[in-house]
Amino acid sequence: MTTAAQFTDIDLSTVDLTDLSYFQDGPPHELFARMRKEANPHWNALSGGDQPGFWSFTRAADIQAISRDSGTFSSAVGGVFATLRGAAPVEVLREVILGMDPPRHTQQRNVVQAVFTPKLIRQKEIAIRETVNRLIDNIIERGECDFVEEIAVELPLLVIADMLGVPLEDRRQLFEWTNRLSQAAATSDPELGLGALMEIGGYLTGITAARKANPGDDLVSRLVHAEVDGEKLTEQEVALFFGLLMFAGNDTTRNTAAGGMRALIENPGERQKLVDGTATIPNAVEEMLRWVNPVIYFARVATQDATVGGHTVKAGERVVMWYSAGSRDPELVAEPTRFDVSREKTPHLAFGGGGAHFCLGNQLARLELKVLFEELIKRVPDMQFAGPIDRLVSSFSNELTSMPVTFTPGTRLQ
Ligand code: HEM
């Protein structure tokens, strides 16, 4: 197994980031820091020889340059994972917006964009606060809980189930599919992801039929009634869109909430600033996003020769944008290895490098996290660890799976 200490003298030419042992304790930040300085970009050869390898980019400016040039760096040609084996087969990934190129990408993004405007998202604040307080009520008298299971998992699931317009009782099923997609991305097992997507398709048949006859203002209704080039989306397109929204909206927000709370417990002085009001929750949320950076990377394939950071990428070569590394680039943010909630609007790449695929749900995620931490700091300001923290070992998802905590019991609101 590779440990953080070994990263200081490892021969970078031997590093293969598809080997999950590098991610045993989360993203290998010390290694990324060396790659940024000594191997920019780093050529990642793949063992087995059936695939050609990829360039790893770890500087924020390079990642932003790649992300903003979707004409040169395609999401559709070879999929958005580091190798051809990702969360689902490349042909399937091409059918979700994340894996499309313009103009199809722009058309499909427009189908749901209108639901994610800042104004519509702001209107959800009261409902989100009620949900957060219900979750805190469920644990507050006990003085202990698994933060991941009972808070971090539940909040985004309830919010996205409501937006999609599926029964809230079904959320555990959504959770199970989301986890399988996350596992598929972690283990590069496209069959696992495909299985989950097929089950989602089956589940949706009844719901889409009901929304066709009787549309509401939810996302599924929008998907079944949308037209792209005068054509309705096919059932498969609807199912894949649903799967993507569910996956994109769940895992990421959950992992920021859990990783953010962990960082507050590990840095009591920073948490105190929030309790005293000397730092603001919105600024703390941006720092948590930078610190946790839940989506570790996405990849692209160059469709023509291009220069990035002074290096020529040849047509057909795969590039991996390590967002986690970009968010800790000292060129982007001073003292990046310090968790500091009083930074003003800290810049980060948690939502991507700012190109056409920039996270559609960023306002929603920010709102969920702001309300969650406002209520937590008010009602349960003294959480402490109460047992071992577990994580999913993944190069794609910075994900905690369990974090037992204790705190001074309080009283329910409702
Ligand atoms: C903290 C939470 C979140 C993080 C860190 C996050 C991160 C990301 C990242 C890194 C991308 C790809 C950007 C790129 O490669 O350029 C992305 C895309 C996307 N996200 Fe999020 N996301 C979060 C929450 C959400 C939520 C709540 C939703 C809403 C349901 C959502 C929906 C999407 C969609 C639909 C895309 C695809 C956009 C496209 O391809 O055009 N995300 N997100």
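**Note on the ligand site**

1. A backbone N or O atom of Ala248 lies 3.4 Å from a nitrogen atom of the ligand, a polar contact, meaning a pair of N or O atoms within 3.5 Å. This is a predicted model, in which local features need pLDDT of at least 70, side-chain atom pairs count only at pLDDT 80 or more, and totals for chains, interfaces and linings use all residues. Residues are numbered from 1 along each chain as its sequence is written, and side-chain values use heavy atoms, with hydrogens and water left out.

2. Cys359, through SG at 2.3 Å, is the only protein donor of the ligand's iron atom. Donors here are N, O and S atoms within 2.8 Å of the metal (3.2 Å for Na, K and Ca); water is not among the atoms, so sites may look incomplete. Cys359 belongs to the loop between helix H15 (323-326) and H16.

3. The shell around the ligand holds 29 residues, of which His105, Arg109, Tyr323, His357 and Cys359 come nearest; a residue is near if one of its heavy atoms lies within 4 Å. By type, the shell divides into 19 nonpolar, eight polar and two charged residues.

4. H12 gives the most to this shell, six residues. Helix H4 (104-113), helix H12 (235-266), strand E7 (297-302) and helix H16 (362-379) each supply at least two. Helices (at least four residues) and strands (at least two) are DSSP runs, numbered from the N terminus.

Terms used: Polar contact = N/O pair within 3.5 Å; in protein donor to acceptor, adjacent residues only side chain to side chain. Nonpolar A, V, L, I, M, F, W, Y, C, P; charged D, E, K, R; others polar.
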